[in-house]
Amino acid sequence: MLDTPQNYIDPSGTIFIVGDARHIPLHNDAVRCVVTSPPYFKVRDYGHGSEQMGLEVKIKDYVDNLVECFEEVKRVLSPDGTVWVNIGNTYNTNGIIHS
């Protein structure tokens, strides 16, 4: 997890927020577009500590964390908002990553 969300503003004034959706303080219906590629289960350590998504011991805990994130996305997404999610076809068998 990123301890502090990182904000970027492009020349058009669009604000990009990079961080863990569970820890970004936003009002209800405040976002028009979410683009995300959640960490895959047991594929990569992003160096954000043991609480980062994707390093859970059990797949159920990983899915529970995804659900928690997307409940927050739903809360902050405006009624006319859009969500883009990239989840690839990758899995881990005995320490070997398959794509």
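1. Accessible areas come from the Shrake-Rupley method with a 1.4 Å probe; for residues, only the protein chains shown count as cover.

2. The model is predicted: local features need pLDDT of at least 70, side-chain atom pairs count only at pLDDT 80 or more, and totals for chains, interfaces and linings use all residues. Residues are numbered from 1 along each chain as its sequence is written, and side-chain values use heavy atoms, with hydrogens and water left out.

3. The protein has 1 helix and 6 strands, in the order β-β-β-α-β-β-β from the N terminus. Helices (H or I, at least four residues) and strands (E, at least two) are DSSP runs, numbered from the N terminus.

4. Of the 99 residues, 19% count as buried (buried means under 20% relative accessible area, exposed over 50%, partly exposed in between, with a 1.4 Å probe and protein chains only). The accessible surface of the protein comes to about 7,200 Å², and 55% of that belongs to carbon and sulfur atoms. Among contacts (heavy atoms within 4.5 Å) between residues at least 6 apart in sequence, 50% join residues at least 24 apart.

5. Helix α1 (residues 59–76) has 18 residues and reaches 26 Å from its first C-alpha to its last, close to the 26 Å expected at 1.5 Å a residue; the expected span is 1.5 Å times one less than the number of residues. Its buried residues are Tyr62, Asn65, Leu66, Cys69, Glu72, Val73 and Val76. They cover an arc of only 120° around the axis and therefore lie on the same side of α1, the arc being that of the directions from the helix axis to the C-beta atoms. Lys60, Glu71 and Lys74 are exposed on the other side of α1. The buried residues of α1 pack against β3 (31–36) and β4.

6. Ser78, in strand β4 (residues 77–85), is buried, with a relative accessible area of 9%. Leaving aside residues up to four places away in sequence, Ser78 touches Asp29, Val31 and Arg32.
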